[in-house]
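User: Hi! I am new to this structure and would like to go through it step by step. Could you help me read it?

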Amino acid sequence: MSRFSSLAAVASEIQEIVIPGQRTLVAIVGPPGAGKSTIAAALAELLAPAATVLPMDGFHLPKSRLRELERLDRMGAPDTFDVDGFLALLTRVKPAFGNSGNRVVAPGFDREIEEPVADAIDIFPEFPIVIVEGNYLLLDADGWGAVAAAFDVSFFVDVPHDVRIERLVARHIRFGKSEPDARAWALGPDEANARVIEATAARATHVIARDG
């Protein structure tokens, strides 16, 4: 398992494994607050115009469904996502490349209302690299076991605990929580999920080490 601190080096590693004429799926994995979306966006820029980003967050179950399942109080846990739908999307994305490929439409996620948004993301056939970022891409439980096999390479994001917590608190405040509620969620449900995610780090092919 290689360890990278430079995103330029990560981009070079991805370029090394790209096979002409085939689409490469890259997983960026890490606990809440690790900076996955920021890293994925930065890598897409470094790899431009060859790469696009697909977040996993669009597969959150709607709040109405989570209420029915009595899981709303732990939204973001492994069993609060549409895993089957996510895996089905990945199996469509892989071959949808090049002149014979088709546009694939994926859901996004609105953090203001904490709800998935249908048909918010387009994966066009001209992108040979799709960077997928999410929490549970390497999890081998709760129905996630088949997801990891969809990726050609995976990077686990390793960030200091205190940095990650403060990012989460700031994010929750930015989207409407009070400071006490933001910290309680970051140290409660988010931290419980983080322990599950960190246990999957050994399944990654590489690590991205970030100090902040």
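Predicted model: local features only at pLDDT ≥ 70, side-chain atom pairs only at ≥ 80, totals over all residues.

User: In which helix do R65 and E68 both lie?

Analyst: Residues are numbered from 1 along each chain as its sequence is written, and side-chain values use heavy atoms, with hydrogens and water left out. Helices (H or I, at least four residues) and strands (E, at least two) are DSSP runs, numbered from the N terminus. R65 and E68 are three residues apart, about one turn of the helix, and that helix is α3.

User: How far apart are the closest N and O atoms of R65 and E68?

Analyst: Side chains of opposite charge can pair when their charged atoms come close. A salt bridge here is a side-chain nitrogen of Lys or Arg within 4 Å of a carboxyl oxygen of Asp or Glu. R65 and E68 form such a salt bridge, and their closest N and O atoms are apart by 2.8 Å.

User: Is E68 buried or exposed?

Analyst: Buried means under 20% relative accessible area, exposed over 50%, and partly exposed in between (1.4 Å probe, protein chains only). R65, its partner in the salt bridge, is partly exposed at 38%. E68 has a relative accessibility of 58%, so E68 counts as exposed.

User: How many salt bridges does the count come to?

Analyst: One of them joins the side chains of R103 and D122, at 2.8 Å from N to O. R103 lies in the loop between α4 (83-93) and β4, while D122 is in strand β5, so this pair ties together parts that are 19 residues apart in sequence. There is also a network of salt bridges linking R71, R74 and D79. By the salt-bridge rule, the count is 12.

User: How many residues apart in sequence are the parts that D57 and R111 tie together?

Analyst: D57 and R111 form a salt bridge, with 3.0 Å between the closest N and O atoms. D57 is in the loop between β3 (51-55) and α3 (63-69) and R111 in the loop between β4 (104-110) and β5 (115-123), so the parts tied together are 54 residues apart. D57 is buried at 17% relative accessibility, whereas R111 is partly exposed at 32%. The separation asked for is 54 residues.

User: Which residues does a cis peptide bond join?

Analyst: Look in the loop between α2 (36-46) and β3, where P49 has its place. The cis bond there has an omega of about 5°, and the residues joined are A48 and P49.

User: What is the phi of D119?

Analyst: D119 lies in strand β5 and, at 62% relative accessibility, counts as exposed. D119 is not a glycine, yet its phi is positive, at about 55°.

User: Where does D142 lie?

Analyst: D142 is a residue other than glycine with a positive phi, near 55°. To find D142, go to the loop between β6 (129-134) and β7 (153-158).

User: At roughly what angle do the axes of α5 and α6 cross?

Analyst: Axes are lines fitted to C-alpha atoms, for helices over the stretch in contact, and angles run from 0 to 180 degrees between N-to-C directions. Contact means heavy atoms within 4.5 Å, and among the residues that meet are I165 and L168 in α5 and W185 and L187 in α6. The axes of α5 (residues 161-174) and α6 (residues 179-187) come within 8 Å, and they cross at roughly 135°.
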